[in-house]
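Hi everyone, thanks for coming along. Let me put the sequence and the structure on the screen, and then we can walk through them together.

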Amino acid sequence: MPTLTHHGIPIEEYLKQQVAQQLSPARQLHVEGVARLSSHLCSQHGLAAWRGRWAGYLHDLMREWPADRLLKAAREFGIVTSEVEEAAPVLLHGPVAAAWAQRELGLEDEELLAAVAYHTTGRPQMSVLEAVLLVADAAEPSREYPGVARIRRWVDKDLWQACRLATDSSLRYCLRAQLPIHPLSVASRNWLLMHAGPSFPRARSTQGG
Ligand SMILES: [Fe+2]
Ligand SMILES: [Fe+2]
């Protein structure tokens, strides 16, 4: 674990303080659940557990910010926003959290920053750490929504299958709630369908021919 501090406080401690200050009790519970599950999945997939914990603590830190604060922070961090993000600024909570962690905390772990930035949408060619955080976000024990039990059944068996099911589920949610769909969510879902894991032999074999 890097010996990074902020105002003399070890980063993990500082992140926990920020979670307690910035998030409602229900979301704090969610974040604790994500940190625990992503730490467990990191160990299972040969990654350092602290990366899963830090990604978990960071991922929703700006989730309760109002739209104008997210848009302002995105501008200040030089994040180029799309039409969809401007229509639904909540989509910026991951990218803003990642930019903040890099600029304000000096976090340099590119994979960890990408996991935080893309945890809402996923993206094609996502790393194992990105899939770990996306799945932990969807499946931690306090989440309750239609289909979560099916995702949970795959979490320890096949991370990529769980990741595809989680992406399908968030797309379904956007359709039902008539929310804009981020183009990366669609690209990510198609990539997962065609490339991910041993569960998709038919999809893989059509790639070659
Ligand atoms: Fe989030
Ligand atoms: Fe979350």
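Let's begin with a question: which helices do the buried residues of helix 2 pack against? They pack against helix 1 (11-22), helix 3 (49-59), helix 8 and helix 10 (159-176).

What you see is a predicted model, where local features need pLDDT of at least 70 and side-chain atom pairs count only at pLDDT 80 or more, while totals for chains, interfaces and linings use all residues. Residues are numbered from 1 along each chain as its sequence is written, and chains are lettered from A and ligands numbered from 1 in the order in which they are written.

On confidence, pLDDT is the predictor's confidence in each residue, from 0 to 100. The protein averages 93, and 93% of the residues score at least 70. Please keep an eye on residues 202-209, though: pLDDT stays under 50 there, and the model has three contacts for them beyond four places in sequence. By contact I mean two residues whose C-beta atoms, placed from the backbone, lie within 7 Å. Where pLDDT is low, the predicted coordinates should not be read in detail.

Now the overall picture. The protein has twelve helices and two strands; these are DSSP runs, H or I over at least four residues for helices and E over at least two for strands, numbered from the N terminus. Along the sequence the pattern is β-β-α-α-α-α-α-α-α-α-α-α-α-α. The radius of gyration is 17 Å, close to the 17 Å that the globule rule gives for 209 residues, so the protein is as compact as a globular protein of that length. That radius is taken over C-alpha atoms, and the rule is 2.2 Å times the number of residues to the power 0.38. Along its principal axes, the C-alpha trace spans about 55 × 40 × 30 Å.

Of the 209 residues, 38% count as buried. A residue is buried if 20 or more other C-beta atoms lie within 10 Å of its own, exposed if 12 or fewer, and partly exposed in between, with C-beta atoms placed from the backbone. Among contacts between residues at least 6 apart in sequence, 58% join residues at least 24 apart.

Back to helix 2, then. Residues 25-44 make up its 20 residues, and it reaches 29 Å from its first C-alpha to its last, close to the 28 Å expected at 1.5 Å a residue. The expected span is 1.5 Å times one less than the number of residues. Its buried residues include His30, Val34, Leu37 and Leu41. After helix 2 comes glycine 46, with a positive phi near 75 degrees.

Next, helix 10. Its buried residues pack against helix 2, helix 8, helix 9 (148-155) and helix 11 (183-195). Among them is Ala162. Leaving out residues up to four places away in sequence, alanine 162 touches Val135, Ala139, Ile151, Trp154 and Val155.

Which residues have the most contacts inside the largest nonpolar core? They are Leu58, Val116, Val132, Val135, Ala139, Ala162 and Ala166, in a core of 51 residues. Helix 8 gives the most to this core, with nine residues. A nonpolar core here is a set of buried Ala, Val, Leu, Ile, Met, Phe, Trp, Tyr and Cys residues joined through C-beta atoms within 7 Å.

Finally, some loops. Histidine 7 lies between strand 1 (5-6) and strand 2 (9-10), and its phi is positive, near 50 degrees. It counts as exposed because it has 5 C-beta neighbours inside 10 Å. Leucine 92 also sits in a loop, between helix 5 (83-87) and helix 6 (93-103), but this leucine 92 is buried, with 26 other C-beta atoms within 10 Å. Beyond its neighbours within four places in sequence, leucine 92 is in contact with Leu70, Ala74, Thr81 and Glu85.
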